[in-house]
Amino acid sequence: MRNLNRRTQVVILTAFMTIILIAVFSFGLLIPDDAVVGSFLSAKQPPSLAHPFGTDALGRDLFLRTLKGMAVSMTVGTAASMISAVIAVFVGIAAATGSKCVDALINWFIDVVMGVPHTILVILISFALGRGLKGLLVGIAATHWCSLARLIRGEVLQLRSQQYVAVSRKLGKSGGWILVHHLLPHLVPQFVVGLILLFPHAILHEASVSFLGFGLPPEQPAIGIILSESMRYIQTGMWWSAVLPGLTLVLIVLLVDKLGDNLRMIMDPYSAQD
Amino acid sequence: MKQKDETILEIHDLSVSFRMYDHGLEQTDLQVISDLYLTVYPGEIVAVAGSSGSGKSLLASAILGILPGNATVHGHLHYKGQELTQERQEQLRGTDIALVPQSVAFLDPLMKVGAQADGHRKPLPTDKRKSIFKRLGLPDKTEQLYPFQLSGGMARRALVSTALLTDAKLVIADEPTPGMSLEQALEALRMFREMADDGKAVILITHDLDLAFEFTDRVAVFYAGTTVETALASDFKKGPDALRHPYSQALWRALPQNGFQPVCGFQPYAGALPKGCLYAPRCPYKTAQCMDAVPPVREIRGGEVRCYYGA
Amino acid sequence: MKRTTRRLIHIFATYGIRIITLLLAVSVITFVLVSVSPIDPVRQYIMGLGTAVSPEQRTQIEEYWGVNEPLVERYVGWMSELVKGNMGESAIYRRPVADIIGERFVNSLALMLCAWVLSGVIGFFIGCVMGMYQDRLPDKILKKVCYIISSIPTFWLGLVFLLVFSVWLKWFPIGFSGPIGVLDKDITVWEKLHHLILPAFTLAFMSFANIALHTRQKLVDVLNSEYVLFARARGERKWTILRRHGLRNILLPALTLQFASFAELFGGSVMAENVFSYPGLGSAAAAAGLNSDVPLLLGVTLFSALFVAIGNMIANLLYGIIDPQIQEVGG
């Protein structure tokens with residue numbers, strides 16, 4: 001009975017968090033562009049009821065801009081972590097099922113990718129693709145798959161050594177059959193949890209790279225761009241434009257992180273006990 | 001040899017259980033030691049014998065108060081007539097009560113053996129340690145080695161040396177001899193004997209019955225976390241008729257020199273213990289009474305037995 | 001003794017080869033990436049000159065850059081210059097890339113070293129506290145703090161620090177490694193330090209959570225070990241156990257992790273340097289990327305890979321040299 005209660009609690013909490021995230025996301029998407037056009041009359045106002053996060057130097061409402069920016073960041077984050085997770089699955093399975101040579105080559109390649117600081121690699125990729133959204137997406141996707149790939153490789157290697165897989169092989173089942181019937185069912189939870197845990201990293205990286213000026217064009221209200229603009233006015237005492245959007249970002253990241261943990265607990269109660 | 005009035009250690013009705021988490025979040029209590037009794041007098045070596053899983057090593061942890069946090073202890077533990085509270089255990093361990101643990105895993109892998117034998121107390125007993133190492137046949141360079149560089153026998157001797165270095169009145173040695181050569185084992189046991197002759201006491205935990213009745217004064221036979229019989233070591237030499245409990249008799253018959261007859265059945269697992277006598281399911285003499293209630297401890301011919309029919 | 005020397009030579013040769021192949025791979029990938037870029041470095045270079053350029057001059061510059069040669073030839077050309085120590089000339093600073101990297105690396109090194117030591121010491125200390133109070137209140141609170149910190153972006157923390165300590169409290173300057181308008185040689189060590197503290201704290205703050213959580217886990221493992229059980233059986237108290245067995249067994253893994261985290265350290269310093277306008281390699285990298293300074297971008301990337309590789313090598317060696325068990329097996 002207690003067991004059920006704890007589990008139900010976690011499920012309800014998880015659903016609640018998902019709803020918040022979806023609400024922030026869709027609200028951000030639905031804000032029309034002209035809602036964040038400001039006037040100089042209302043520039044540099046501290047937080048008030050009319051503008052909960054205050055306004056920026058151009059008089060734009062920072063609350064709406066932040067929400068809009070969050071939606072943009074979440075879109076980029078979702079897309080990038082999905083691409084990353086898919087790469088990880090393919091690379092991980094290839095390393096585990098391929099020949100020794102393939103495995104060594106993949107491991108070496110992962111070493112190479114991890115051997116360059118992520119920020120530098122994202123800057124490079126963004127430069128290679130002519131900056132903008134495409135460079136940002138590819139850059140973040142290309143730098144986040146490594147550890148998940150290693151995890152999946154280890155998982156597949158472990159599964160392959162299981163008795164029932166050996167029996168299937170003896171019975172003459174093909175590699176593809178084993179993959180679909182024995183490996184994938186175990187990998188799907190790994191994949192989902194891995195994907196969700198990648199997501200906060202992707203958002204944080206997106207914000208960082210946009211902050212440096214490599215991501216989205218300055219017209220886009222991405223969270224990194226809002227914060228980078230705020231830096232220019234930091235000496236004038238406009239604390240709200242730096243603190244509040246950043247705080248929102250941190251809260252969303254924490255929420256997603258917790259969501260990933262909870263999902264792991266729901267899917268695999270044993271692994272989640274520290 | 002026995003001085004009835006003065007005991008070093010007195011244990012009765014001791015039970016130890018562990019709180020476990022089943023299926024992630026469900027909580028159950030697992031009883032691993034139940035209604036255990038044991039009395040140790042100064043000047044004697046008492047063997048605690050039993051197969052693995054009979055709770056021998058846990059008894060050592062319970063006496064020293066080093067059971068894991070999820071363990072609960074009930075019953076009476078007395079050291080020199082005084083109750084062994086957690087506080088007293090903390091005072092006594094390492095000074096009055098010493099443990100000789102089972103394996104090399106009980107040595108810090110990154111600390112040299114000499115420093116580990118010396119321990120943390122000042123002043124360091126370095127000279128005494130050197131002479132004990134010598135007696136145990138540990139070469140001089142041993143003190144400079146790391147535990148992983150020791151052979152099994154060397155590790156056991158180093159562990160024995162830690163207890164010999166203290167002025168403990170009670171030494172609990174958990175399987176101290178496996179891995180040693182015959183001479184080394186005999187030397188170690190001789191040193192325990194000397195301690196006992198000095199008025200100290202030694203509890204020798206072992207699954208080796210031969211060793212138990214050759215070198216000790218009394219033998220306590222453990223089964224499924226309880227004491228089924230305590231007998232003089234000489235009773236074991238006399239044969240099954242001198243023993244009081246069917247399990248002790250079966251163990252005697254299982255020895256190679258006595259016919260090598262295996263004991264049928266299995267020791268019950270903690271968590272699936274029978275209601276009455278713990279040995280009843282395997283006992284050839286069991287009656288309805290045995291299945292119903294745990295038999296009380298009775299004194300027979302200078303030994304104690306937990307059986308309705310022991311004679 | 002001879003055996004040890006041979007072993008060391010063997011180890012260094014192995015790592016030398018590993019690092020060289022790694023750097024070669026990084027150089028190829030980097031070179032290909034900057035070459036496929038639609039951004040025309042020649043145009044950027046000319047724009048940077050700020051003067052009108054005749055078509056002849058333009059051809060000259062193109063030839064100098066070798067933009068019309070095939071990729072492989074350009075790579076070989078760049079590589080052979082690199083081996084000679086010539087990393088080309090930076091388009092934004094108009095100076096040899098090697099000089100810029102050398103100069104800025106000193107600044108970055110000061111920043112990263114401070115942050116590295118600070119985060120290591122704080123993280124190790126907090127990890128020990130968490131481990132000793134496992135699952136009790138101090139552990140629970142600190143664990144939450146660590147998880148929250150790892151969800152904060154470095155640059156935002158830097159912004160908040162800047163706001164609080166520089167703008168409001170005026171304890172620290174806003175940016176740059178020395179006062180603006182003062183010549184480099186006139187800047188005193190104290191002034192440099194004054195400008196270093198805030199970015200170093202930001203960077204350290206971001207990286208101690210990792211080492212703290214790792215140390216906690218290791219300490220919990222040690223405290224659950226049989227040798228600690230025996231130590232307790234011999235009368236050692238909690239803090240004696242930490243001193244005698246805990247530190248001995250967790251220090252090395254912690255130090256190894258610190259060395260293995262050079263990539264995160266460098267990445268973090270890129271962010272911190274940009275927030276605090278600190279003239280190190282990280283701000284040079286961002287500037288190079290934004291202003292299409294290809295030679296500088298290539299140089300910084302390669303240098304950062306070398307930096308990370310050296311950290312990883314030290315981490316591996318540490319395990320081999322200090323841990324007596326591995327030493328024996330290796331010998």
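## Close-up views of a predicted three-chain model

View 1. Helix α9(A) is mostly covered, with eight of its 10 residues buried. The structure shown here and in the other views is a predicted model. The buried positions are I223(A), G224(A), I225(A), I226(A), L227(A), S228(A), E229(A) and S230(A). The loop between α8 and α9 of chain A holds E219(A). E219(A) is exposed, because 8 other C-beta atoms lie within 10 Å and a residue counts as exposed at 12 or fewer.

**View 2. Chain A as a helical chain.** Chain A has 10 helices and zero strands. The C-alpha atoms of chain A fill a box of roughly 80 × 55 × 30 Å along the principal axes. Of the 274 residues in chain A, 43% are buried. Among contacts in chain A with a separation of 6 or more, 67% join residues 24 or more positions apart.

**View 3. The contact between chains A and C.** Chain A contributes 38 residues to this contact and chain C contributes 39 residues. On the side of chain A that touches chain C, at least two residues come from each of α3 (100-114), α4 (118-128), α8 (175-212), α9 (223-232) and α10. By residue class, this side of chain A divides into 26 nonpolar, 10 polar and two charged residues.

**View 4. Helix α10 of chain A against helix α7 of chain C.** Two packed helices are described by the angle between their axes and the distance between the axes. Helix α10 (residues 239-267) of chain A packs with helix α7 (residues 154-168) of chain C at an angle of about 145 degrees, and the axes are 10 Å apart. The crossing of α10(A) past α7(C) is left-handed. From α10(A), the contact is made by W239(A), A242(A), V243(A), G246(A) and L249(A), while α7(C) provides W156(C), L159(C), V160(C) and L163(C). Eight of the residues in this contact of α10(A) with α7(C) are nonpolar, one is polar and none is charged.

**View 5. The two domains of chain C.** The domain assignment of chain C gives domain 1 (2-83) and domain 2 (98-322). The C-alpha centres of domain 1 and domain 2 of chain C lie 30 Å apart. Contact between them involves 13 residues of domain 1 of chain C and 13 residues of domain 2 of chain C. On the domain 1 side, α1 (2-36) and α2 (41-49) of chain C each supply at least two residues. Helix α1(C) gives the most to this side, with 10 residues. The domain 1 side divides into 10 nonpolar, three polar and no charged residues.

**View 6. The largest nonpolar core.** This core has 233 residues, and those with the most contacts inside it are V171(B), I172(B), A173(B), V202(B) and V300(C). Helix α2 (residues 62-97) of chain A supplies the largest share, 16 residues. Domain 1 (2-83) and domain 2 (98-322) of chain C both give residues to the core, so it lies between them. Leaving out residues up to four places away in sequence, A173(B) touches V100(B), A163(B), F192(B), V202(B), I203(B), L204(B) and I205(B).

**View 7. Helix α12 of chain C.** Helix α12 (residues 281-290) of chain C is mostly covered, with nine of its 10 residues buried. The buried residues are L281(C), G282(C), S283(C), A284(C), A285(C), A286(C), A287(C), A288(C) and G289(C). After α12(C) comes S292(C), with a positive phi near 55 degrees.

View 8. Most residues other than glycine have a negative phi. D35(B), which is not a glycine, has a positive phi of about 45 degrees, and this residue lies in strand β2 (residues 26-40) of chain B. D35(B) is buried, because 20 other C-beta atoms lie within 10 Å and 20 or more are required. K80(B) has a positive phi near 50 degrees and lies in the loop between β4 (71-79) and β5 (82-83) of chain B. With 15 other C-beta atoms within 10 Å, K80(B) is partly exposed.

Terms used: Residues numbered from 1 in each chain as written. Chains lettered and ligands numbered in written order. Predicted model: local features only at pLDDT ≥ 70, side-chain atom pairs only at ≥ 80, totals over all residues. Core = buried A, V, L, I, M, F, W, Y, C linked by C-beta atoms within 7 Å. Helix = DSSP H or I, 4+ residues; strand = E, 2+ residues; numbered from the N terminus. Domains from an automatic or database assignment. Contact = placed C-beta atoms within 7 Å. Axes fitted to C-alpha atoms, helices over the stretch in contact; angles between N-to-C directions. Left-handed = near helix turned anticlockwise from the far one by under 90°. Nonpolar A, V, L, I, M, F, W, Y, C, P; charged D, E, K, R; others polar.
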